[in-house]
Amino acid sequence: MFRATNKTSGEEIVILDDKWKNQRKHLRSLGRNDILVCPGCLQPVRVRAGKTNRWHFAHKHLQNCPYGYESPSLLNARAILYKWLVGKFGENVSIEKKFDNEKIHRHLDCWVETERCNFAYWIIESGMKPQKRENLKVGLGQLNAQVNWVFVVDMLREDKIHSESIHLTTTEREFMQQSDYDEMKFGKVYITGKSLHYLDPSSETLITYRKLLLIHSPQLYQGAKISNEISSVLVSPKSGGFVHPGEHEGSEKLKKEKIQLEREQEEQERMITKSRQKVVESFDNLESIVLPKMSPVSQTSYEPSIYSGKEATCILCGQITADYWYHNRKDDTCKCRECASQGRY
C-alpha cells in the first residue's frame, strides 16, 4: 500500500508524494515505533523505501486485513495512475481511498474531487466472478462519481491473425465503456463502439482500444489501437477519462462532418417532400377537370346517329351499356360515360 496513517497526529501519509522524498529516515523511525498504521485495519506498518523497488508500506503482522496483499503489478499501476492524476488535478487526488460500502471489496485506487464532479478510478488485474462484478458496479455507482476502469496490461490478449483485434474475457466485456471517441463512419452511417484501457507499469504506457465491436462471438473484438506514454495522455474534464493526443481534434472533425451530413439529408428530405406535394397538387388539379360529370358528347364519325341507343361492351369496365360517349362499330365496343365520370378514358 502507498498510504498510511500517523496514529499520533492523524495525518494521512502518501509515500509517493514528493514531499517525502527526503524524509526516508523520519518515515522509517515512525514505522519502527509503530506510529504508522494501516488505514484499513489500523495494524502497524513498516516503511519499504529501498533503492530498487517503489516505496510503499507493508503490514508488520497481517491479520485478516482486506488490503493486506496486493500484487506488484497492481501496486505499480496504481502508483503510475496516481502520479498522472496528481499532474492533472494536484491536491484534489486521493489514493487508496476507503469507503464504508460492503459491495466495494477493497479501497479505491484513485479518487479525484473537482468543482464540477468526482472521478473514481478502479484498476483490474484479473477476472472477477459475476457476483463480485455486479457488487462492484453497484457499490461504485452509489458514490456519485464518474467511474473509469483501467486494466493491467497482463490481461491484454491481442489476436495473432486479425489486425487490431483482441480476445476479451467476460470481465473485460462487462467493464467496456462508451466514450466520445468511439463513434465511426461507414459510408453515410455512423455507429458507436466501446473502449478499453490497459496500463503497462514497466513502460508507463497506456494502451487504449477504441471503437471495439464484436466480430466473432463471444470474445473476439476489433477496434482501433492507440498507445502512448501516459505522461502525454490528457484527461476529459467531463468524465475523467483518458484522451490520447489528437483524439479530441479527430472527434471534433467527425462531429462537424456528421452535422453537415445531417443537414444535407434534411435538405434532401425537404426537396423530396416538396416534389411529392407538387405531384399531389397536379393530380388534384387534374381531378378538378375530369372528375365532374361530363355532358353528353356530340356524335362523331365513329358513332353515327344510326347507332345511338345500341348496346356495346365497354373496353374499360367490361359492362354492356348503351350509355357511352365513344363507339367502335367494327367490334361493337365502347367507352361508357360511367367510366368517364370516374376519370377513366
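Reader: Which side chain makes a polar contact with the side chain of Ser-195 at 3.0 Å?

Author: A polar contact is a pair of N or O atoms within 3.5 Å; within protein, one must be able to donate a hydrogen and the other to accept it, and residues adjacent in sequence count only if both atoms are side-chain atoms. Here the partner at 3.0 Å is the side chain of Arg-210, and the side chain of Asp-182 joins that of Ser-195 at 2.8 Å. A word on the source: this is a predicted model, where local features need pLDDT of at least 70, side-chain atom pairs count only at pLDDT 80 or more, and totals for chains, interfaces and linings use all residues. Residues are numbered from 1 along each chain as its sequence is written, and side-chain values use heavy atoms, with hydrogens and water left out.

Reader: Is Ser-195 buried or exposed?

Author: Buried means under 20% relative accessible area, exposed over 50%, and partly exposed in between (1.4 Å probe, protein chains only). Ser-195 counts as buried because its relative accessibility is 3%.

Reader: Now salt bridges: how many does the structure hold?

Author: Side chains of opposite charge can pair when their charged atoms come close. A salt bridge is a side-chain nitrogen of Lys or Arg within 4 Å of a carboxyl oxygen of Asp or Glu. The structure holds 16. One of them joins Arg-78 and Glu-96, with the closest N and O atoms 2.8 Å apart.

Reader: Which residues are linked with that pair in a network?

Author: Glu-70, Arg-106 and Asp-109 are linked with Arg-78 and Glu-96 by salt bridges. Arg-78 is buried at 0% relative accessibility, and Glu-96 is buried at 2%.
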